[in-house]
Amino acid sequence: MIQRVQTVYLLIITGLMSVMFFLPLARFTSDASISYIFKITGLYDPKGFAHFTWGLESLIALIGFISFIAIFFYKRRKLQVKVCILNIFLMLAFYGVVFYYYSIFKENPGITTMTPGFALSFPLIALILNLLAIRSIRKDEALIRSLDRIR
């Protein structure tokens, strides 16, 4: 049953989380037109590295890993649903951590504007795909239960 549609959803989630390691989440601009790039690994200034963000990096790695591992729980559908629900909470926690770092970076007196990147929407897309995967897993569970009835 590994060839089900929820496997495709979970693989896309894993791919999206992997791509986030290479794309910027946002770009901060200062009064002096200095551009800071905010990635999940940290906040980079034009000269080099400015601030670590280990929380984001580990959270994205954990979300991608859990999505990939959930694929192999196809024989234990209830556990697969629970793992997907855990992944939803981690995705929501990602946005909480991003907001936390945003508030820290915004306190810097030189930074004036933030331009979000399209990679910031990947966890939201992954959250929607995760909900679709849960719906598909529950459909499979209902199908299996209907076949187990005595006729």
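**Group meeting: helix packing and salt bridges**

Let's start with H2 and H3, which are roughly antiparallel to each other, because angles over 145 degrees count as that, under 35 as roughly parallel, 65 to 115 as roughly perpendicular and the rest as oblique. Before I go on, this is a predicted model, in which local features need pLDDT of at least 70 and side-chain atom pairs count only at pLDDT 80 or more, while totals for chains, interfaces and linings use all residues. Residues are numbered from 1 along each chain as its sequence is written, and side-chain values use heavy atoms, with hydrogens and water left out.

Back to the helices. H2 covers residues 54-71 and H3 covers residues 77-106; they pack at an angle of about 165 degrees with axes 10 Å apart. Here the axes are lines fitted to C-alpha atoms, for helices over the stretch in contact, and the angles run from 0 to 180 degrees between N-to-C directions. The helices and strands are DSSP runs numbered from the N terminus, helices being H or I with at least four residues and strands E with at least two. H2 passes H3 in a left-handed crossing, meaning that the near helix is turned anticlockwise from the far one by less than a right angle; clockwise would be right-handed.

Which residues of H2 and H3 make the contact? On the H2 side they include Trp54, Leu59, Ile63, Ile66 and Ile71, and on the H3 side Val83, Leu90, Phe94, Val97 and Tyr101. Contact, throughout this talk, means heavy atoms within 4.5 Å. By class, the H2 and H3 contact has 18 nonpolar, four polar and no charged residues. For the classes, Ala, Val, Leu, Ile, Met, Phe, Trp, Tyr, Cys and Pro count as nonpolar, Asp, Glu, Lys and Arg as charged, and the others, Gly among them, as polar.

Now turn the model to look at H1 against H2. This pair packs at about 160 degrees, with axes 8 Å apart, and H1 and H2 are therefore roughly antiparallel to each other. Their crossing is left-handed. Thr7, Leu10, Leu11, Ile13, Thr14 and Met17 of H1 meet Ile60, Ile63, Gly64, Ser67, Phe68, Ala70 and Ile71 of H2. Sorted by class, that contact has nine nonpolar, four polar and no charged residues.

So much for the packing; on to the charges. Side chains of opposite charge can pair when their charged atoms come close. How many salt bridges does the structure hold? Three, where a salt bridge is a side-chain nitrogen of Lys or Arg within 4 Å of a carboxyl oxygen of Asp or Glu.

One of them joins aspartate 140 to arginine 4, with the closest N and O atoms 2.8 Å apart. Aspartate 140 sits in helix H4 (residues 122-147) and arginine 4 in the segment before helix H1 (5-19), so this pair ties together parts that are 136 residues apart in sequence. Aspartate 140, at 5% relative accessibility, counts as buried, while arginine 4, at 32%, counts as partly exposed. The cut-offs are under 20% relative accessible area for buried, over 50% for exposed, and partly exposed in between, with a 1.4 Å probe and protein chains only.

Next, glutamate 141 forms a salt bridge with arginine 77 at 2.6 Å, N to O. This pair links distant parts of the chain, glutamate 141 in helix H4 and arginine 77 in helix H3, 64 residues apart. Both glutamate 141 and arginine 77 are buried. Leaving aside neighbours within four places in sequence, arginine 77 is in contact with Ile137, Asp140, Glu141 and Ile144.

Glutamate 141 also meets arginine 145 in a salt bridge, at 3.1 Å, N to O. Those two both lie in helix H4, four residues apart, about one turn of the helix. Arginine 145 has 47% relative accessibility and counts as partly exposed.

Where is glycine 110? You'll find glycine 110 in the loop between H3 and strand S5 (111-116). Glycine 110 and alanine 32 are 78 residues apart in sequence but 7.7 Å apart in space, C-alpha to C-alpha. And threonine 41, in the loop between strand S2 (35-39) and strand S3 (42-45), counts as buried at 19% relative accessibility.
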